[in-house]
Every structure is written in C-alpha cells, then in structure tokens.
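Please brief me on the fold shown below, from its overall dimensions through its sheet to its helix.

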Amino acid sequence: MSKFEVFTDNTGKYSFRLRARNGEIIATGQVYASKAGCLKGIESVKKNAPLAKVVEMETPAK
C-alpha cells in the first residue's frame, strides 16, 4: 500500500514524501514550519490530485 511519510529536516521543519507500494518515492512536499501545516498539505494532495490535469511541458530550445 502506498503511504505518506511525515518527517523533520535538520532545521526542525516538516515535510512529507509519498511512497508507492514498491517503496519508491513518487512525490515530495514542500517544507512546512509546523506539523499541522504539513498534514494540511497532505490532505490537499489527496483532495486535489484526482482532479489534476496532466500537462506536458515543452523543453526550451537551446
């Protein structure tokens, strides 16, 4: 089963990562000042991801 992992970085701020069933990290969240903010970020991903469009970004010409 996939899972969200909440953790603190070396500055004590919170972040999350989403792991697939095979253990691979498939998404990471931004850095949050509080655990509550981090948990709200996870809830936002859960709520909004099913509605998100897939947009292909063009690589700029060199």
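What covers the buried residues of α1? The cover includes β1 (3-8) and β2 (14-19), where buried means under 20% relative accessible area, exposed over 50% and partly exposed in between, with a 1.4 Å probe and protein chains only. This is a predicted model, in which local features need pLDDT of at least 70 and side-chain atom pairs count only at pLDDT 80 or more, while totals for chains, interfaces and linings use all residues. Residues are numbered from 1 along each chain as its sequence is written, and side-chain values use heavy atoms, with hydrogens and water left out.

**Overall architecture**

- The chain has 1 helix and 3 strands, and from the N terminus on its elements run β-β-β-α; helices (H or I, at least four residues) and strands (E, at least two) are DSSP runs, numbered from the N terminus.
- The radius of gyration of the chain is 14 Å, whereas a compact globule of 62 residues would have a value near 11 Å; the radius is taken over C-alpha atoms, and the globule rule is 2.2 Å times the number of residues to the power 0.38.
- Taken along the principal axes, the box filled by the C-alpha atoms of the chain is roughly 40 × 30 × 25 Å.
- Of the 62 residues in the chain, 16% are buried.
- Among contacts between residues at least 6 apart in sequence, 16% join residues at least 24 apart, a contact being heavy atoms within 4.5 Å.

**The sheet**

- The 3 strands form an open sheet in the order β1-β2-β3, with antiparallel pairing; two strands pair if DSSP finds at least two bridges between them.
- β1 and β3 stand at the edges, each with a single partner strand, so one side of each has no neighbour in the sheet.
- The twist averages 30° from one strand to the next, with axes being lines fitted to C-alpha atoms (for helices over the stretch in contact) and angles running from 0 to 180 degrees between N-to-C directions.
- β1 and β2 run antiparallel and are joined by 6 bridges, and Phe4 has Leu18 in β2 as its bridge partner.
- β2 and β3 (residues 25-28) also pair in the antiparallel sense, over 3 bridges, and here Leu18 stands opposite Ala27 in β3.

**Turns and loop**

- The hairpin of β1 and β2 has 5 residues between the strands, and Gly12 in this hairpin takes a positive phi near 85°.
- The hairpin of β2 and β3 has 5 residues between its strands, and Gly23 in the turn has a positive phi of about 90°.
- Gly29 lies in the loop between β3 and α1 and touches Ser15 and Phe16, not counting residues up to four places away in sequence.
- Gly29 and Arg17 are 12 residues apart in sequence and 6.1 Å apart in space, C-alpha to C-alpha.

**The helix**

- α1 (residues 35-48) has 14 residues and reaches 20 Å from its first C-alpha to its last, close to the expected 20 Å, the expected span being 1.5 Å times one less than the number of residues.
- Cys38, Gly41 and Ile42 are buried in α1; they cover an arc of only 100° around the axis, which puts them on the same side of α1, the arc being that of the directions from the helix axis to the C-beta atoms.
- Lys40 and Lys47 are exposed on the other side of α1.
- α1 lies across β1 and β2, and runs at about 30° to β2.
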